[in-house]
Amino acid sequence: MKWEKSLVFQGSSALTLDAKGRMSIPARHRDALLAQEQGRLTLTRHPDGCLMIYPRSTWEAKREQIAALPASARPLQRLLLGNAQDVDMDGAGRILVAPELRTAAGLNRDVMLLGLGSNFELWDRAQWEARCMVDVGNLDPAILEQISF
């Protein structure tokens with residue numbers, strides 16, 4: 001049995017959506033996604049207003065967790081499961097971001113892809129920059145004390 005290193009994504013990439021809504025997966029992530037996931041990804045909405053991109057196997061486990069939530073979580077299930085779309089990287093390492101997902105996340109031409117460990121977030125670049133300013137201003141000092149820089 002071949003042991004495969006688990007995928008961990010980090011860093012940010014400034015990218016561009018083409019006229020058809022396609023986006024190139026950065027080369028540093030593309031090779032691992034092709035090797036371990038055959039380029040299969042799932043996109044869905046995030047409550048913060050961006051999109052989440054999961055390797056398919058990671059999403060399948062997450063989907064089971066979301067589906068098992070109690071009925072009181074139905075709005076979250078609608079958001080996450082009801083908007084989930086499976087995509088495959090094409091031969092050029094691009095994925096198609098469906099028009100309804102682009103609209104829901106306010107994605108224009110310029111986007112930011114953020115690696116957050118097991119998945120990515122995809123933000124409209126202008127929205128991401130504004131969000132960063134708010135987030136930095138709202139950092140909890142107690143959490144900062146737990147990290148040594």
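# Close-up views of a predicted model

**View 1. Gln38, out in the open.** Gln38 comes out as exposed, at a relative accessible area of 53%. (Exposed is over 50%, buried is under 20% and partly exposed is in between, using a 1.4 Å probe on protein chains only.) Gln38 sits in the loop between H1 and S3. (H and S labels are DSSP runs numbered from the N terminus: helices are H or I with at least four residues, strands are E with at least two.) The phi of Gln38 is near 55 degrees, so to speak on the plus side for a residue that isn't glycine. Most residues other than glycine have a negative phi.

This is a predicted model, so local features need pLDDT of at least 70 and side-chain atom pairs count only at pLDDT 80 or more, while totals for chains, interfaces and linings use all residues. Residues are numbered from 1 along each chain as its sequence is written, and side-chain values use heavy atoms, with hydrogens and water left out.

**View 2. The sheet, strand by strand.** Six strands make an open sheet, and reading across it gives S1-S7-S8-S4-S3-S5, with antiparallel pairing. (Two strands pair if DSSP finds at least two bridges between them.) The edges are S1 and S5 (85-88), each of which pairs on one side only. From one strand to the next, the twist averages 25 degrees. (Angles run from 0 to 180 degrees between N-to-C directions, and axes are lines fitted to C-alpha atoms, for helices over the stretch in contact.)

**View 3. Two helices lying on the sheet.** H1, residues 27-37, packs on the sheet and touches S1, S3, S4 and S8. (Contact means heavy atoms within 4.5 Å.) The direction of H1 makes about 115 degrees with that of S1. H2, residues 56-67, also packs on the sheet; its touch points are S3, S4 and S5, and its direction makes about 110 degrees with that of S4.

**View 4. Strand S4 and its two partners.** Five of the five residues of S4 are buried, so this strand is largely enclosed by the rest of the structure. Leu51, Ile53 and Pro55 point one way, while Met52 and Tyr54 point the other way. S3 and S4 form a hairpin with five residues between them, and Gly49 in the turn has a positive phi of about 105 degrees. With S8, S4 pairs in the antiparallel sense over three bridges; here Ile53 finds its bridge partner in Phe120 of S8.

**View 5. Inside the largest nonpolar core.** This core has 22 residues. (A nonpolar core is a set of buried Ala, Val, Leu, Ile, Met, Phe, Trp, Tyr and Cys residues joined through side-chain atoms within 4.5 Å.) The residues with the most contacts inside it are Met23, Leu33, Ile53, Ile95, Val97, Leu107 and Leu122. At least two core residues come from each of S1 (9-16), S3 (40-45), S4 (51-55), S7 (110-117) and S8 (120-124). Zoom in on Leu122: leaving out residues up to four places away in sequence, it touches Met23, Cys50, Leu51, Ile53, Val97, Leu107, Val111, Met112 and Leu113.

**View 6. Arg56, a charged-type name in a buried spot.** Arg56 is buried, with a relative accessible area of 8%, and belongs to H2. Leaving aside neighbours within four places in sequence, Arg56 is in contact with Glu37, Arg40, Leu41, Thr42, Asp86, Val87 and Asp88.

**View 7. Leu79 on helix H3.** H3 covers residues 74-80, and Leu79 is found there. At 17% relative accessibility, Leu79 counts as buried. Neighbours within four places in sequence aside, the contacts of Leu79 are Thr44, Arg45, His46 and Pro47. Leu43 is 36 residues away from Leu79 along the chain, and their C-alpha atoms are separated by 12 Å.

**View 8. Arg109, in a loop.** Arg109 lies between H4 (99-104) and S7. Its relative accessible area is 55%, which makes Arg109 exposed. Arg109 touches Leu15, Thr16 and Leu17, not counting residues up to four places away in sequence. From Arg109 to Arg125 is 16 residues in sequence, and 8.6 Å in space, C-alpha to C-alpha.
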